[in-house]
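Work through the exercises below with the sequence and the 3D view side by side. Try each task before reading its solution.

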Amino acid sequence: MNILDDTIVAIATPLGEGGLSVIRLSGRHSLEIADICFRGKGNLSSAKTQTAHFGYFVDDGGNVIDEVVATLFLAPKSYTTENIVEFSCHGGAFVTKKILQALIATGARLAEPGEFTKRAFLNGRIDLSQAEAVSDLIHSRSELAHQSSVSQIKGELSSILKKIREKLLDLCGLLELELDFVEEGYQFANRNRLEQELSVTISEIEELLNSFSVGRFYREGIRIVITGKPNVGKSSLLNALLQENRSIVTDIPGTTRDVIEDELTIDGITFRFIDTAGIRETKDEIEAEGVRRSYEQIEQADVIIELIDVTDSSNESYSELIEFNKNKLLVFNKIDLVDKVKIEKIKPNIENENSIFISAKHKIGIKELEQRILSKTIIRKSDSSDSITITNVRHKNSMEKALNNLQNAHSTLTKNQTSELLTIDIRSALNNIGEITGEVTSEEILNNIFSKFCIGK
């Protein structure tokens with residue numbers, strides 16, 4: 001049996017107590033199955049598309065499970081392009097599961113993760129990159145992540161890739177035509193035009209790939225690691241930034257022995273702040289493990305806040321710990337504990353755009369610190385509207401392969417080698433780009449992508 005011949009069902013809302021729950025039914029027999037369980041005015045099978053109907057949902061014994069509203073989306077004007085019935089019932093795990101079990105008993109099959117969106121792809125309503133953007137939209141945690149996902153759902157990335165593929169298909173067609181007349185020595189693809197088209201396409205793909213560093217920030221957030229000696233106020237700073245008591249604060253050095261992480265959105269950007277154990281030599285086995293984990297976090301950081309106690313007369317910067325990361329801020333804490341004269345003596349030696357004086361305890365300079373953190377990132381709100389941003393690792397990997405193919409083709413062209421070699425590289429680039437949109441794909445790739453979706457989407 002073709003998998004698209006059966007009817008699938010799943011709970012489309014999170015389980016738990018709430019105002020409403022939604023159970024989604026999709027497939028050829030959705031209306032027949034729904035009619036068995038629904039008691040309202042007339043049959044759903046004879047109702048018009050995009051209409052809502054109040055009634056009762058009953059089990060196979062005719063017992064009422066709940067009052068529901070059945071909403072119809074008839075093929076092909078539905079999410080999956082199949083007949084869809086959505087039952088809205090009172091929120092609650094018990095009643096929702098009862099309705100789900102009744103629909104399965106009546107002939108539906110429990111949907112696999114992401115199967116509704118997978119059917120939308122297989123039925124041609126969206127391409128694969130749009131399907132993946134649906135998952136990204138669900139998991140978006142900031143304004144910019146949301147904007148990026150919406151632009152891809154609308155098909156803006158697909159549109160760019162479609163134009164690139166059309167251009168390469170045109171070139172490939174001319175080169176393959178030459179192979180049919182190789183003995184006559186005909187050239188259907190003008191070499192100057194071919195070189196120009198390859199150069200332009202290479203630049204277009206490079207521009208998309210260059211956006212991935214920003215796109216990763218959209219998707220995952222920016223990792224900000226707070227590091228420094230014990231008792232310089234790292235936990236106090238994390239609490240001040242989050243505006244809550246997330247970390248334990250004491251006067252005892254070495255209180256934080258593990259990594260503590262939380263998120264904050266600043267100006268539409270998600271920042272993942274990470275409070276680490278104080279860096280020092282220690283014989284305490286547990287604290288030593290915390291220090292080791294601190295070094296791991298520093299290596300993975302996008303921005304490092306190195307916190308320094310202004311009451312410490314040495315005023316060491318510990319820059320040798322973070323020479324490998326240019327995106328660092330020297331933050332001098334506890335200015336409430338020293339007089340202004342001392343601070344003024346310190347400032348001329350170290351004050352610049354990479355340093356700032358604060359009091360985490362009294363929240364002095366925290367807003368300015370947030371702006372300094374923003375200035376350390378390359379993300380701006382306008383970036384998301386000016387160009388397409390690549391956020392997906394799979395897309396990046398396929399584009400890198402396509403770029404390598406086209407660079408090889410360009411090299412082959414400049415060396416005046418045969419059309420056959422050119423065709424092989426351009427055809428490989430076409431396949432790699434096609435993997436992004438799903439024009440070239442395999443069941444293994446599809447299963448891997450949609451297995452990461454939630455059930456019901």
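**Overview**

Of the 457 residues of the protein chain, 49% count as buried, where buried means under 20% relative accessible area, exposed over 50%, and partly exposed in between (1.4 Å probe, protein chains only). This is a predicted model, in which local features need pLDDT of at least 70 and side-chain atom pairs count only at pLDDT 80 or more, while totals for chains, interfaces and linings use all residues. Residues are numbered from 1 along each chain as its sequence is written, and side-chain values use heavy atoms, with hydrogens and water left out.

**Exercise 1. Summarise the fold and surface.**

Step 1: secondary structure. The protein chain has 16 helices and 13 strands. Both are DSSP runs, numbered from the N terminus: helices are H or I with at least four residues, strands are E with at least two.

Step 2: contacts. Contact means heavy atoms within 4.5 Å. Among contacts with a separation of 6 or more, 65% link residues 24 or more positions apart.

Step 3: surface. The chain exposes about 22700 Å², and carbon and sulfur atoms supply 49% of that area. The areas come from the Shrake-Rupley method with a 1.4 Å probe; for residues, only the protein chains shown count as cover.

**Exercise 2. Is helix H4 largely enclosed or largely open?**

Step 1: length. H4 (residues 128-139) has twelve residues and spans 17 Å from first C-alpha to last, close to the expected 16 Å. The expected span is 1.5 Å times one less than the number of residues.

Step 2: burial. Nine of the twelve residues are buried, so H4 is largely enclosed by the rest of the structure. Among them are Leu128, Ala131 and Val134.

**Exercise 3. How many disulfides does the structure hold?**

Step 1: criterion. A disulfide is a pair of cysteine sulfur atoms within 2.5 Å.

Step 2: count. The structure holds zero.

Step 3: Cysteine 89 is buried at 1% relative accessibility, and cysteine 172 is buried at 0%.

**Exercise 4. Locate the nonpolar cores.**

Step 1: criterion. A nonpolar core is a set of buried Ala, Val, Leu, Ile, Met, Phe, Trp, Tyr and Cys residues joined through side-chain atoms within 4.5 Å.

Step 2: the largest core. It has 32 residues, and Leu237, Phe271 and Phe273 make the most contacts inside it. Helix H9 (residues 234-242) gives the largest share, five residues.

Step 3: leucine 237. Beyond four places in sequence, leucine 237 touches residues including Ile226, Ile305 and Leu369.

Step 4: the second core. This separate set of 28 residues includes Leu175, Leu198, Ile205 and Ile436.

Step 5: leucine 198. This residue sits in helix H7 (residues 191-210) and is buried at 0% relative accessibility. The C-alpha atoms of leucine 198 and leucine 413 are 9.6 Å apart, across 215 residues of chain.
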